[in-house]
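Reader: Before I plan anything around this protein, could you take me through how its parts are arranged?

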Amino acid sequence: KRRVDVLLHKLYGFHSDETETGTGLKHQTDAFRVTGQAAERLLEDCQIMVRGADGLMRLSEGVDPYLVKDDGAARRYLAGAFIAAGSLNVPSGGTGYHLEFCVGQEALARGLRGLGARFEISLKQAIRRGKNVVYLKDSGQISDFLALVGASGAALDLNDLAARKSLNNRVNRRTNCEEANIDRLVDAAARQTESVRKLEARGLLSGLPENLRVLAAARLRYPELGMAELGALMKPPLTKSGVNHRFEKLIAAAEKIQVTIKSDM
């Protein structure tokens, strides 16, 4: 409130008793209300209203080039527009980022998108309940916008949130992958053990080659080991692929027993 009062006095010579104070928009606790010729001068200088050829004042359309003639002015314009008509939503879960401007004029929406493009920020545009909405959903672009308009602290907070969310996602993916691998190992070990026990029950292990008998015995003794660990126990050691190849032979032999039993029935 004090800063606005100082600026009005410095730029226009208004004194505090020449403006009215009251409740502002969007739950602001204080606002300055400027009326009469003073308000006309202020609106015209801000290019909110322009004087036509007939001398009458009209609402300006779009973004006046005078107000954004250089990059510094363009950044300040975007900052002011965001304060006046913008909002930012960052859910606690770190997804669903959404920054938007809600404006009445389609020309103003296009102008805001043009200013964003000047700084390589790709604002999108849509219509919602008769209003033109210019928005961003990408967290990186939102962070760039916040930094552009001087909200560096908010940009850093958003980057930190996005980084933590990305890390959590990577950890979750790795955990899920490890769990899936464990499930596959357990299923494979159970199938291998079942095949070895079938062969053992029929008294057929002794008739198999020694390399298969040794591997079958290791599986029964170490049901929790993966194929790479079992391979390391062999003499000479076997690769995971080599262990898998020998187990395929054991499983095939056990399945042959099952086929024989069904044939006898």
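Reader: How many disulfides does the structure hold?
Author: This is a predicted model, and a disulfide is counted in it where two cysteine sulfur atoms lie within 2.5 Å. By that criterion the number of disulfides in the structure is 0.

Reader: Is cysteine 177 buried, exposed or partly exposed?
Author: Buried would require a relative accessible area under 20%, and exposed one over 50%. Cysteine 102, with 33%, falls between these limits. Cysteine 177 has a relative accessibility of 44%, and therefore counts as partly exposed.

Reader: How are helices H1 and H2 oriented to each other?
Author: The axes of H1 (residues 2–12) and H2 (residues 36–45) come within 12 Å and cross at roughly 90 degrees. Leu8, Leu11 and Tyr12 of H1 make the contact with Arg41, Leu42 and Asp45 of H2, a set with 4 nonpolar, no polar and 2 charged residues. Since angles of 65 to 115 degrees count as roughly perpendicular, the two helices are therefore roughly perpendicular.

Reader: Which element gives the most residues to the largest nonpolar core?
Author: This core has 28 residues, of which Leu78, Leu99, Phe101 and Phe145 touch the most other members. The elements that give two or more residues to the core include strand S6 (98–103), helix H4 (106–118) and helix H3 (71–85). With 5 residues, the element that gives the most is H3.

Notes
Residues numbered from 1 in each chain as written. Predicted model: local features only at pLDDT ≥ 70, side-chain atom pairs only at ≥ 80, totals over all residues. Heavy atoms only, no water. Axes fitted to C-alpha atoms, helices over the stretch in contact; angles between N-to-C directions. Helix = DSSP H or I, 4+ residues; strand = E, 2+ residues; numbered from the N terminus. Parallel < 35°, antiparallel > 145°, perpendicular 65-115°, else oblique. Contact = heavy atoms within 4.5 Å. Nonpolar A, V, L, I, M, F, W, Y, C, P; charged D, E, K, R; others polar. Core = buried A, V, L, I, M, F, W, Y, C linked by side-chain atoms within 4.5 Å. Buried < 20%, exposed > 50% of the residue type's maximum accessible area, 1.4 Å probe, protein only.
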